[in-house]
Amino acid sequence: MGFGEDEEAAAGSAGKSIIRYNSPLVQVCLIGLVCFCCPGMFNALSGMGGGGQVDTTAANNANTALYTTFAVFGILGGGIYNILGPRLTLFAGCSTYVLYAGSFLYYNHFHHQGFAIVAGAVLGIGAGLLWAGQGAIMTSYPPPGKKGSYISLFWSIFNMGGVIGGLIPFFMNYHRSTAKSVNDGTYIAFMIFMTAGTALTLSILHPSRVVRNDGSRCTNIKYSNVSTEVVEILRLFRNWKMLLMFPAAWASNFFYTYQFNHVNAFLFNLRTRGFNNVFYWGAQMVGSIGIGYFLDYSFQSRKKRGLVGIGVVALLSTAIWAGGLANHLHYDGGRILTDKLDFKDSGSEFAGPFVLYFSYGLLDAMFQSLVYWVIGALADDSETLSRYIGFYKGVQSAGGAVAWQIDAHNVTKLSQLIVNWVLTTLSYPLLAILVMLALKDEEKVGTKKDDVEDFASAKSLAEEGTTSVRQLNQPD
């Protein structure tokens, strides 16, 4: 692909500066900024409940269309990334976010949900491409012993988009405490950020041009082809590692419907929903940093770090979902809200539901960062990891599509809460089995390709040594 000279020059300069354009750190930060602008703003929009509208029907149907196409292109996205490379894949993916935000600007005036549903389906295609590329970059670029730290760095930058995105509707609708839907300026601001993120994708380098500080390249893989990717994607459905991860992938977006529509939108007024989102996504930054540091540095054995990390997240998950049940029984089973909660006017009554919503954000980041860390530990090349991440995002999105449609059919809040709790709880023992059977400690990690290259290098050195000995033994 003509990258040879760039790779040699980059390898020669590696180690001189951490802040290199072609360093894993800078590239992970750049993909974090891309996700800050696009899915970060999308999260802020979705976190409002109903896409910022009083009637959640349009948003539920749009999200169903979104996650249906996302399920397909999430799985295909890894193969497409291996064929097109990061720039084209990410650019195509990010451009669809602008259309989605624009569809709700249109809905604000005409209340026709057809455009929002079509835009949701198109966004599902784009999101599948974006997240497959993001996952490959985030899990394959970092050094093996620092993947948790890099994942937490990405997650913090990405979720800062949700924080800033939460501030946009909060300030723009601050004096509209009785309003039912957000104003036009809110959607326009989201579209501006999403456009900037789309342009920023052009700064992402191909993995063969990214060089770690020790001089090693992130991957030697060049562009793949369609037939190879079709075969490899089909094999994922028979891969026991992916099958063990299936429940965790299904659960990881399933709970958003309940949290956004039946906690944030159900309990709080419009401006407070924006206020809450600042802390929901801020909690994700805290959670990802905490679990990322733990998974990299808590114990010498990577397998032990993974198992203990799963245990910690499982205990926290149980406590938070138990709190969610208590909150549900108090507000939905025990009393009726005459006025929705406001962060200024509701006093101490606001505190409990607010802490619960904050905790949901904390758990989301810890859960997903844990899964990403496990996936990143299964391989070390972007070609394989892009497929693994694509499978994860595809299954995740299929779960999301089902969850949004469940809500559209008015399944009770309590039933949704219980299903979410059961799904996440089921994930932890299966992840623990995956860690026990598939993870190796860093000094034992190596791909088949690495083994072949090491053997070839050793054979070459041996032949050179034999030749030298023969030359020394020859008479002058």
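Is helix 3 (residues 39-47) largely enclosed by the rest of the structure or exposed, and why? Helix 3 is largely enclosed, because nine of its nine residues are buried, where buried means under 20% relative accessible area, exposed means over 50% and partly exposed lies in between (1.4 Å probe, protein chains only). Among these buried residues are Pro-39, Met-41, Phe-42 and Leu-45.

## About the model

This is a predicted model, in which local features need pLDDT of at least 70 and side-chain atom pairs count only at pLDDT 80 or more, while totals for chains, interfaces and linings use all residues. Residues are numbered from 1 along each chain as its sequence is written, and side-chain values use heavy atoms, with hydrogens and water left out.

## The overall build

The protein chain has 17 helices and zero strands. Both are DSSP runs numbered from the N terminus: helices are H or I with at least four residues, and strands are E with at least two.

Of the 476 residues in the chain, 56% are buried. Now look at the contacts (heavy atoms within 4.5 Å): among those with a separation of 6 or more, 85% join residues 24 or more positions apart. The chain exposes about 19100 Å², and carbon and sulfur atoms supply 65% of that area. Accessible areas come from the Shrake-Rupley method with a 1.4 Å probe, and for residues only the protein chains shown count as cover.

## Inside: the nonpolar core

A nonpolar core is a set of buried Ala, Val, Leu, Ile, Met, Phe, Trp, Tyr and Cys residues joined through side-chain atoms within 4.5 Å. The largest one here has 119 residues, and Tyr-97, Tyr-100, Trp-131 and Phe-154 touch the most other members. Helix 14 (residues 351-378) gives this core its largest share, 17 residues.

Let's visit Phe-154. Leaving aside residues up to four places away in sequence, Phe-154 touches Val-28, Ile-31, Gly-32, Cys-35, Trp-131, Gln-134 and Met-138.

## Outside: a nonpolar patch

On the surface, Leu-99, Phe-115, Val-118 and Val-122 form a nonpolar patch with about 290 Å² of accessible area together. Patch residues have over 30% relative accessible area and no salt bridge; like charges are joined within 9 Å, and nonpolar side chains (Val, Leu, Ile, Met, Phe, Trp, Tyr) within 5 Å. A salt bridge is a side-chain nitrogen of Lys or Arg within 4 Å of a carboxyl oxygen of Asp or Glu. Helix 6 (residues 113-140) brings the largest share of the patch, three residues.

Phe-115 sits in helix 6 and counts as partly exposed because its relative accessibility is 34%. Phe-104 belongs to helix 5 (residues 86-110) and, at 0% relative accessibility, counts as buried.
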